[in-house]
Amino acid sequence: MVQDLLVAMPGISLGERFRRTESRERAPSIRQRPGGRMLDPDAELIDRIRNGADDDFAALVQRHQSHVFGLLYRYERDWQKLEDLAQETFVKAWRALATFDGRAPFQHWLTRIATRVALDHLRKQRRRRAEVELEALGEDVLDWLAGAHGRDDLQAAQAAELLALALAELAPADRIVITMQELEGHSVNEIARHLGSNGVAVRVRAMRARARLRKILKRLSTQRP
Amino acid sequence: MKDDKLNQLFSLARRETAPPVPPEFAANIMARLSRQDTTGPASISDQLNLWFPRLAVASAMAIFLCLGLEFALSSFSSADFSEQVAQVSLQWLLP
């Protein structure tokens, strides 16, 4: 609802939007929690933005852009699309900034938005079978898949490409769960919080995704031209 | 594929770093936000343009309705519609 209110206020400065929304729905400052302890290094900056320093949002973007790019790069490897997704994440964060209450660090809140942007993006894409693009990954990858090479013969970028190819066959939610768990190191509870789900559902989904991924990679390893 | 090989793949992929963020990225975001923010209320001509298809259809329907009425009335009575209107206006509006 807050987002709708923010969007439906054309011609009003950015800071003014925050002030109007905040005065209705939020506490005046997120900088200090009970006891006066500073919780979030971004709190001061966010307070300034809410008080009308619109340009400070650029500093907030600069602080977190690498994190957002790194996260979204797990789901989209095309550079142009990646930049679009990152932009969408920050625009959504800007529109919803008035609802940020500072209970969790800003980066966690931003991660949740980026994850939802990624999930929406994956849902819009058609799932594809990986065979066609497998050859393009090169001989090293094909050898590794066939078990002809040792443990560290595969470069990180090659491994990520191969994994992205196999992950593209999974359902979007399964892909998000397995990526967050295995590549970003999130716990089950964190994933559940980010996706608005519960721990049991995430655990089941992760197991299913892992089993499916093993099957996909096994199939790819036997389909070498 | 065995579990340890899948774990190995995850472990290798985890080491990959994302490409560097373009230097103008933050500026592009701010420009995009400003563009969205400065979209003021629509002018009268914009609103007319928005309504044009509906207005055009409504006008055409009104014209065809009048023509149909004229045709129907003229075929059911001896005097045509315009003569009847002239009579009414003479009797009631211009005594």
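This is a predicted model: local features need pLDDT of at least 70, side-chain atom pairs count only at pLDDT 80 or more; totals for chains, interfaces and linings use all residues.
Chain A comprises 225 residues. Its secondary structure consists of 12 helices, with zero strands, and the order of elements from the N terminus is accordingly written α-α-α-α-α-α-α-α-α-α-α-α. Buried residues account for 33% of chain A. Sequence separation was examined for contacts in chain A between residues at least 6 apart in sequence; of these contacts, 64% link residues at least 24 apart.

Chain B comprises 95 residues, of which 6% are classed as buried. Four helices and zero strands are assigned to chain B, and the pattern read along its sequence is α-α-α-α.

The two chains touch each other through 33 residues of chain A and 26 residues of chain B. On the side of chain A that touches chain B, two or more residues are given by each of the following elements of chain A: α4 (56-73), α5 (79-96), α9 (156-167), α10 (172-183) and α12 (199-222). The most residues on this side come from α4(A), which gives nine. By residue class, the side of chain A that touches chain B contains 21 nonpolar residues, seven polar residues and five charged residues.

Notes:
Residues are numbered from 1 along each chain as its sequence is written. Chains are lettered from A and ligands numbered from 1 in the order in which they are written. Two residues are in contact if their C-beta atoms, placed from the backbone, lie within 7 Å. Ala, Val, Leu, Ile, Met, Phe, Trp, Tyr, Cys and Pro count as nonpolar, Asp, Glu, Lys and Arg as charged, and the others, Gly among them, as polar. A residue is buried if 20 or more other C-beta atoms lie within 10 Å of its own, exposed if 12 or fewer, and partly exposed in between; C-beta atoms are placed from the backbone.
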